[in-house]
Amino acid sequence: MTTKCLRWGICGAGKISNDFCSAMTTLPDGEHKVVAVAARKLESAKEFGDKFGSEVAYDSYEALSKDPNVDIVYIGTININHMELSLMMLNAGKHVLCEKPMALNMKQAKSVLQLAKQKNLFFMEATWSRCFPIYEKIKAEIASGSLGDVELVTAKFSIPIKDVERIKEKALGGGCMMDIGMYTVQLACMVYDEMPVKITVDGVLNDQGMDEGGCVILKYKGGGMANLTYSGRTCVTQCSASINGTKANIEIPDHFWCPEKATFPSGVVTNEVPEGRHPFNFINSGGMRYEADHARKAILEGKKECEAMSHRHSEMVMTITDEVRKQLGVVYDVD
């Protein structure tokens with residue numbers, strides 16, 4: 001890349017890609033540009049491209065991979081395509097920001113991360129939570145010692161999504177853990193920064209064997225615990241989280257995965273969640289600007305991964321979600 005403007009190719013013209021591109025419109029002009037869009041239907045790609053200023057539209061992801069004007073590809077398709085498209089783009093010499101989950105299991109994840117390393121390209125799993133300024137402040141607060149020893153992390157994510165096609169269908173890589181549950185897991189991983197020594201899980205499955213909700217207990221070697229609950233069966237509730245230490249606590253009262261505010265020992269801290277140029281489909285999607293900004297800065301600095309969501313942490317989260325699925329009995333065809 002010879003310019004400070006990051007030129008994006010977008011895989012998928014659905015809701016999450018819309019929100020990502022709209023969030024990028026809140027960043028300074030000249031830093032990011034959507035230059036190509038690919039979707040299963042050319043009409044959809046053209047319509048999406050018109051909305052976000054791209055002059056090139058493809059009805060083939062392979063065609064996008066060969067576009068010489070694309071520096072980095074954002075993959076916003078359904079879960080089952082993530083590994084295949086990540087490999088395709090990396091093999092074509094493109095940096096990649098892939099929506100979470102980056103793969104359906106650890107075997108798939110390792111194949112992507114190994115190729116990114118082999119090709120000397122940037123790859124990041126788009127766990128956007130990690131890029132919010134509040135999350136960065138949480139890490140700094142824990143490192144400062146003001147909380148004392150962290151003994152308990154709790155996180156709850158409950159929204160009524162069990163009947164959404166991509167959630168209920170096994171063929172689409174469904175299940176609530178791989179959609180909302182993994183947000184609770186990534187928080188525990190960020191706080192403890194190591195694998196738990198014991199994982200205990202219970203939950204409920206639909207008639208296709210996909211999980212509609214669950215409770216996950218993580219126990220760490222120092223005695224720390226994480227109590228993580230997720231459900232696609234309930235009405236909308238406060239999706240809160242807390243980090244409890246021997247001296248003090250941090251509380252995120254709602255939307256812990258994309259927070260607007262949190263209570264620290266020193267008081268309430270906030271970060272901006274702006275409105276994009278086009279309406280968002282999901283709560284606080286303006287915060288996706290932060291992961292785009294992290295990707296750009298990392299690439300300009302010659303880095304191959306994002307410190308906020310490193311490859312090690314992607315592997316950590318995937319290892320835990322694999323075990324969660326194993327204990328629940330959630331099995332994909334690729335397992």
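In this predicted model, the axes of helix α1 (residues 15-24) and helix α2 (residues 42-52) come within 11 Å of each other and cross at roughly 20°; axes are lines fitted to C-alpha atoms, for helices over the stretch in contact, and angles run from 0 to 180 degrees between N-to-C directions. That angle makes α1 roughly parallel to α2, given that angles under 35 degrees count as roughly parallel, over 145 as roughly antiparallel, 65 to 115 as roughly perpendicular and the rest as oblique. The crossing of α1 past α2 is right-handed, a crossing being left-handed if the near helix is turned anticlockwise from the far one by less than a right angle, and right-handed if clockwise. Ser17, Asn18, Cys21 and Ser22 of α1 meet Phe48, Lys51 and Phe52 of α2, where contact means heavy atoms within 4.5 Å. The residues of this contact divide into three nonpolar, three polar and one charged; Ala, Val, Leu, Ile, Met, Phe, Trp, Tyr, Cys and Pro count as nonpolar, Asp, Glu, Lys and Arg as charged, and the others, Gly among them, as polar. Helices (H or I, at least four residues) and strands (E, at least two) are DSSP runs, numbered from the N terminus.

Residues are numbered from 1 along each chain as its sequence is written. Local features need pLDDT of at least 70 and side-chain atom pairs count only at pLDDT 80 or more, whereas totals for chains, interfaces and linings use all residues; side-chain values use heavy atoms, with hydrogens and water left out.

On the α4 side the contact is made by Met83, Ser86, Leu87, Leu90 and Asn91, and on the α5 side by Gln108, Ser111, Val112, Leu115, Ala116 and Lys119. By class, this contact has six nonpolar, four polar and one charged residues.

Helix α5 also packs with helix α10 (residues 311-328), at an angle of about 165° and with the axes 9 Å apart, so that α5 and α10 are roughly antiparallel to each other. The crossing of α5 past α10 is right-handed, and Met106, Ala109, Lys110 and Leu113 of α5 make the contact with His311, Glu315, Met318, Thr319 and Asp322 of α10. Four nonpolar, two polar and three charged residues take part in the contact of α5 with α10.

A cis peptide bond, with omega about -10°, joins Lys100 and Pro101, and Pro101 is placed in the loop between β5 (95-99) and α5. Asn120, in the loop between α5 and β6 (123-126), has phi near 60°, a positive value in a residue other than glycine.

The UniProt record, in an unreviewed entry, places the feature "domain: Gfo/Idh/MocA-like oxidoreductase N-terminal" at residues 6-124; UniProt positions are given in the numbering used here, feature names are shortened, and annotations may be inferred rather than shown by experiment. This span, residues 6-124, is 42% helix and 23% strand, and its end C-alpha atoms lie 15 Å apart. The UniProt annotation "domain: GFO/IDH/MocA-like oxidoreductase", also from an unreviewed entry, covers residues 135-251, over which the chain is 26% helix and 35% strand, with the end C-alpha atoms 12 Å apart.

A search of the whole structure finds 16 salt bridges, each defined as a side-chain nitrogen of Lys or Arg within 4 Å of a carboxyl oxygen of Asp or Glu. In one of them the side chains of Arg166 and Asp179 meet at 2.4 Å, N to O. This pair links distant parts of the chain, with Arg166 in helix α7 (residues 165-168) and Asp179 in helix α8 (residues 177-192), 13 residues apart.
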